[in-house]
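Here is a friendly briefing on one protein chain, meant to be read with the model open beside it. Please have your viewer ready.

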Amino acid sequence: MTLPDDHAVAAEVAEQAGALLLALREEHADLEGQELKDLGDRRSHELMMRLLGELRPDDAVLSEEGADDPVRLSASRVWIVDPLDGTREFSERPRDDWAVHVALWQDGDLVAGAVGIPARGVVHRMDRPSPLPARPDGPVRLAVSRSRPPAFVVSLAESLGAELVAMGSAGVKAMAVVDGTVDAYVHAGGQYEWDSAAPVAVALGHDLAPTRLDGSPLEYNRENPWLPDLVVARPEVLAEVREALDRLA
């Protein structure tokens, strides 16, 4: 396979990993819970590493499921991947709110990215933005974890008079801003670079302006990949969300 375009590589890897995960879910109907989570994580990681090794052999990779190779810190190109974002949702058939993340960092910037939502048959790409759907009248809609909504986001919703919309993985929440399901995704409960790199790349491609909670830039391929907070919001509500965050600071 030859794919000269990095966006195409990101989408291809996300699509193939997603197809594998769907097949595993189907073929291993006897597995559930942690066994199914572990199988999905491992097999998707192995496939991603093989594909990236074939398609971009000179690039470094930072994966949630792989050992962190310090060579990435001196590399000019690093793929940042989450082979299975939302293992809990993946293990709870037939939930569809889990994702696959593939992003490329190059010389300080995210330059390509794809977020696959395999059970919905969707791959969101950085290079193929679609117009944001019209925002309906009513309160701000905030994406929030269905299983463990953080107290911070509940307080933010109260400050905004916002409606909380529960859903699964981080990638699904960020893409819910892109597809118009919600107006904003604000996270403060702890994440790593692989949780947000691909969603942020896609959001950037859609002319959104993701930041840290305090408004500072999101930086990737750092020595410590801990990147605990994130704000992704539609332009119409961004100032309102930032004002509410400042009140809570």
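R222 and E193 join their side chains in a salt bridge, at 3.2 Å from N to O; a salt bridge here is a side-chain nitrogen of Lys or Arg within 4 Å of a carboxyl oxygen of Asp or Glu. The pair links distant parts of the chain, 29 residues apart, with R222 in the loop between α6 and β9 (230–233) and E193 in helix α6. The model is predicted, so local features need pLDDT of at least 70 and side-chain atom pairs count only at pLDDT 80 or more, while totals for chains, interfaces and linings use all residues. Residues are numbered from 1 along each chain as its sequence is written, and side-chain values use heavy atoms, with hydrogens and water left out.

**Salt bridges and their surroundings**

- How exposed are the two partners, R222 and E193? R222 is partly exposed at 24% relative accessibility, whereas E193 is buried at 0%; buried means under 20% relative accessible area, exposed over 50%, and partly exposed in between, using a 1.4 Å probe and protein chains only.
- Salt bridges with shared partners also tie D6, R56, D59 and R77 into one network.
- By the salt-bridge rule, the count comes to 16.
- In general, side chains of opposite charge can pair when their charged atoms come close.
- D96 forms a salt bridge with R120, with 3.3 Å between the closest N and O atoms. This pair links distant parts of the chain, 24 residues apart: D96 sits in the loop between α3 (87–91) and β3 (99–106), and R120 in the loop between β4 (109–117) and β5 (122–125).
- D96 is partly exposed, with a relative accessible area of 30%, and R120 is partly exposed as well, at 36%.
- R135 and D183 make a salt bridge through their side chains, at 3.0 Å from N to O. Here too distant parts of the chain are linked, 48 residues apart, with R135 in the loop between β5 and β6 (141–145) and D183 in the loop between α5 and β8 (184–187).
- R135 is partly exposed at 25% relative accessible area, while D183 is buried at 0%.

**Helix pair α5 and α6**

- Helices and strands are DSSP runs numbered from the N terminus, with H or I over at least four residues for helices and E over at least two for strands.
- The axes of helix α5 (residues 170–178) and helix α6 (residues 193–205) come within 9 Å and cross at roughly 15°. That makes α5 roughly parallel to α6; angles under 35 degrees count as roughly parallel, over 145 as roughly antiparallel, 65 to 115 as roughly perpendicular and the rest as oblique.
- Axes are lines fitted to C-alpha atoms, for helices over the stretch in contact, and angles run from 0 to 180 degrees between N-to-C directions.
- On the α5 side, A170, G171, A174 and M175 meet D195, P199 and V202 of α6, where contact means heavy atoms within 4.5 Å.
- By class, this contact of α5 with α6 has five nonpolar, one polar and one charged residues. Ala, Val, Leu, Ile, Met, Phe, Trp, Tyr, Cys and Pro count as nonpolar, Asp, Glu, Lys and Arg as charged, and the others, Gly among them, as polar.

**Helix pair α1 and α2**

- Helix α1 (residues 6–27) and helix α2 (residues 33–55) have axes that come within 9 Å and cross at roughly 150°. That makes α1 roughly antiparallel to α2.
- The contact is made by V9, V13, Q16, A17, L20, L21 and L24 of α1 together with L39, G40, R43, S44, L47, M48, L51, L52 and L55 of α2.
- Its residues divide into twelve nonpolar, three polar and one charged.

**Helix pair α4 and α7**

- Helix α4 (residues 151–160) packs with helix α7 (residues 235–248) at an angle of about 120°, with the axes 10 Å apart.
- F152, S155, L156, S159 and L160 of α4 meet E240, V241, A244, L245, R247 and L248 of α7.
- The contact of α4 with α7 divides into seven nonpolar, two polar and two charged residues.

**L110 in its strand**

- L110 lies in strand β4 and is buried, at 11% relative accessibility.
- Not counting residues up to four places away in sequence, L110 touches A103, L104, W105, M126, A197, V200, A201 and Y220.
- L110 and A198 are 88 residues apart in sequence and 8.3 Å apart in space, C-alpha to C-alpha.
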